[in-house]
Amino acid sequence: MRSFRLAALAGLALLASAAVAVAQTDPFQWLEAVEGPKALDWVKGENARAEPVLTGDGRYKTLHDEALAVLSAKDRIPTPEFIGTAVYNFWQDAEHVRGIWRRTTLESYRSADPVWETVLDLDALSAAEKANWIWKGSTCRSPAYDRCLVSLSNGGKDAVEVREFDLASKKFVAGGFRLAEGKQNIEWLDDDRLILTRDWGPGSLTDSGYGRIIKVLGRGQPLTAAKTVFEGETRHVSVSPDVLKDAKGNKLVLVGLGLDFFNTAWFVVNDQLQTQRLMLPTRSNVHGLVNGRLIVSIQQDWVWKGAAYKAGSVLAVDAPTMLASQFAPQPQNRNLPRKPIAQVVFEPKDRIALDRDQIRVTDNRVVAVLYNNVRGSLVTFNQTQGVWLMQRYLGADNAAISIVSTADKGDDVFYTEETFLTPTTLKLGVGSTPLSKPIKMLPARFNADDLMVEQKTAISKDGAAIPYFLVRKKDLAMNGQAPTLLHAYGGFQLSKLPVYDPIVGKLWLERGGAYAVANIRGGGEFGPAWHEAALKQNRQRAYDDYFAVAEALIKDGVTSPRRLGAYGRSNGGLLMGVALTQRPELWNAVVVESPLLDMLRYDKLPAGASWIGEYGDPKIPEEAAWIAAYSPYQNLKPGVKYPLAYITTSTKDDRVHPGHARKFAARLSALGAPYLYYENLDGGHANGADPRANARRWAMHYVYLSRQLMD
């Protein structure tokens, strides 16, 4: 056994050494200079080669026009946001390309034809300031809800400029808060003070490029006068403030110190701006206050004061009893009743879990989305005599549920329900009773009469059962001839759900294509354990899961390698790079969008260091060896027959560096392998700054897929 271990370690060392050697001799590292003249000249050359192929195709105009009609349709559901007693919405269409921020009353919103009042016109603002402003949301002060901090992005970047805006006058506040562009996280501490993190100058950022120092800034103060409240270290991911309030007047100011992407140390800030550690598990998420109790979801098994809590549970905790100062033994009066420190709101079972990102609080309830084998329903939890009771609202089968907005006052909640073939419906839960009829319903965007949805299972390399959805023609002949697009993500505990996607429906399904979505490990479909199964050294499991679904589609006669395409973006773009390099024989089309691909340098590029908790640390030899085994950039090899790949990203992407995509394409070129590369100059990580840009993006995607899989 010992000799086997030594041999394994020696093998890892050799792999790591080879990986480091490749990284150190990278001939295309110059493409990481985002705005470098040489790099941009290369981008222009690649765009000039790809554009005629994709936009010159006879199908392009129809696909573009259909995509634009979907993205700019005026009968879309206007996404509601409660702000105070009003309903706000940010809206884009052909006349409002940058978009307008507008409002109406709840009563008017519930009508068939709401009467909207424009609050801020981004097209007019962009024209007046000769800027390329993209809306990134607002943070409004309570309880008056009279002023908001509006975030504006130049071209779609994560970095934003923040300005104070008056909702009554519909104008930016003269002399109000205004913060220059940066990646920043800001909350209202009170009417005249902000608690925030941002770039405060040299040494104030983490290695991941996020703020590490939290300060309090008063109205009229220069940034240099802001008072420091908390400091993290450069090795941490970030720090962020949160100000929580409940209906009974309780207030809790928190600081979250991101130890890595998934682990957070929590601190409470008192009235004197002093901090104390809150002894929550580091793998936990805070969702709000209800009746003075902090609502927390834990992503790890946890034992506290002799009580055990299961990963994936939601707890209501008594925060004051969990401060670090309370950790030491305290004298107790045994005659006084003890308040339980943590109450269980929800505990997961097998493949029944709450969506970690879909847990909200209202004045009296916890509202969440529950998935049973990737089938969604809305649930609420209400405390009765110290016990939290769950009420479940059943909807369509194979449905995806999304909480859109919860009321600032009361227990109202907007939520949507949709399936692959059923258009999105918006419902309003009033108090504890959802209305029986939808408030809004999206019109059908494609003909689904001859389509059906199946949920099936593939068996991965290690025997794990991997569910996937297949959307196909009812009368499909199982002869391997269906052009099929297989989509997945497999990371960061994010789930791929059965959502109604008009672009997929109109540009692919309606034209005879089949569409599959794989719920591979690394996602959050079944809670924390499903995610952790593909972390770091186990990353290959996610890729094996994806390949297993592809093989099942081929074995069942749905499709064949000639007709099978793969699509993924961001972490899903990494999956695409692995699909191309490890199993090139499985596909005839691979869309690699906004991808991570050079995994031996990902931690050195903007925001990359924040993902070490997901992938591992390339600076550690043993971990570099795991990564080198699958890193797509380093695993491109001469003499391999690769399918024609379509690689696309955005120059303005300040989350996943465009250098990944650029270098991968350049190495394919050096190997003489086929590919198409296109880089949007605007759009950020979302790769679409406005409906027209997004329509162009999707049309190019589906021209490529049609050429490869349907011709």
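This is a predicted model: local features need pLDDT of at least 70, side-chain atom pairs count only at pLDDT 80 or more; totals for chains, interfaces and linings use all residues.
A search of the whole structure turns up one disulfide and three cavities of 30 Å³ or more. On the aromatic side, the count comes to 29 pairs.

**Disulfide**

- The bond runs between Cys140 and Cys148, with the sulfurs 2.0 Å apart.
- Its handedness comes from the torsion: the angle about the S-S bond of Cys140 and Cys148 is about 100 degrees, so this disulfide is right-handed.
- As for solvent, Cys140 and Cys148 are both buried.

**Aromatic pairs**

- Phe420 and Tyr515 are both buried.
- Then there's Tyr646 with Tyr704: the ring centres are 5.5 Å apart and the planes meet at 40 degrees, so this pair counts as tilted.
- Here a strand meets a helix: Tyr646 is in strand β39 (residues 645–650) and Tyr704 in helix α14 (residues 691–710), so the contact ties together parts 58 residues apart in sequence.
- Tyr646 has 1% relative accessibility, so it counts as buried.
- Tyr704 also comes out as buried, because its relative accessibility is 1%.
- Elsewhere, ring pairs join Tyr88, Phe90, Trp101, Trp135, Phe165 and Phe172 into a cluster.

**Charges over rings**

- Arg102 lies over the face of Trp116, 4.1 Å from the ring centre.
- Lys440 puts its charged end over the ring of Tyr109, at 4.9 Å from the centre.

**Cavities**

- Rolling a probe the size of a water molecule over the atoms shows where empty space is left.
- The largest cavity has a volume of about 90 Å³.
- Its lining is made up of 13 residues, and those nearest the centre are Gln299, Gly312, Leu354, Arg356 and Pro528.
- Strand β24 (residues 352–361) gives the largest share of the lining of the largest cavity, with four residues.
- By type, the lining of the largest cavity splits into six nonpolar residues, six polar and one charged.
- The second largest cavity comes in at about 40 Å³.
- The lining of the second largest cavity divides into seven nonpolar residues, one polar and one charged.

**A loop residue to look at**

- Leu205 is found in the loop between β11 (193–197) and β12 (213–218).
- Its relative accessibility is 29%, so Leu205 counts as partly exposed.
- Leu205 and Ser238 are 33 residues apart in sequence, and their C-alpha atoms are 8.1 Å apart in space.

Conventions. Residues are numbered from 1 along each chain as its sequence is written. Side-chain values use heavy atoms; hydrogens and water are left out. A disulfide is a pair of cysteine sulfur atoms within 2.5 Å. Buried means under 20% relative accessible area, exposed over 50%, partly exposed in between (1.4 Å probe, protein chains only). Rings of Phe, Tyr and Trp (its six-membered ring) pair if their centres lie within 6.5 Å; planes under 30 degrees apart count as stacked, over 60 as edge-to-face and the rest as tilted. Helices (H or I, at least four residues) and strands (E, at least two) are DSSP runs, numbered from the N terminus. A charge sits over a ring if NZ of Lys or CZ of Arg is within 6 Å of the ring centre and within 35 degrees of the ring normal. On a 1 Å grid over the protein atoms alone, a cavity is a set of points where a 1.4 Å probe fits but cannot get out, and a pocket is an open set with protein on both sides within 12 Å along at least five of seven lines; lining residues have an atom within 4 Å of a point. Grid points are joined across faces, edges and corners, and a volume is the space filled by probe spheres set on the points. Ala, Val, Leu, Ile, Met, Phe, Trp, Tyr, Cys and Pro count as nonpolar, Asp, Glu, Lys and Arg as charged, and the others, Gly among them, as polar.
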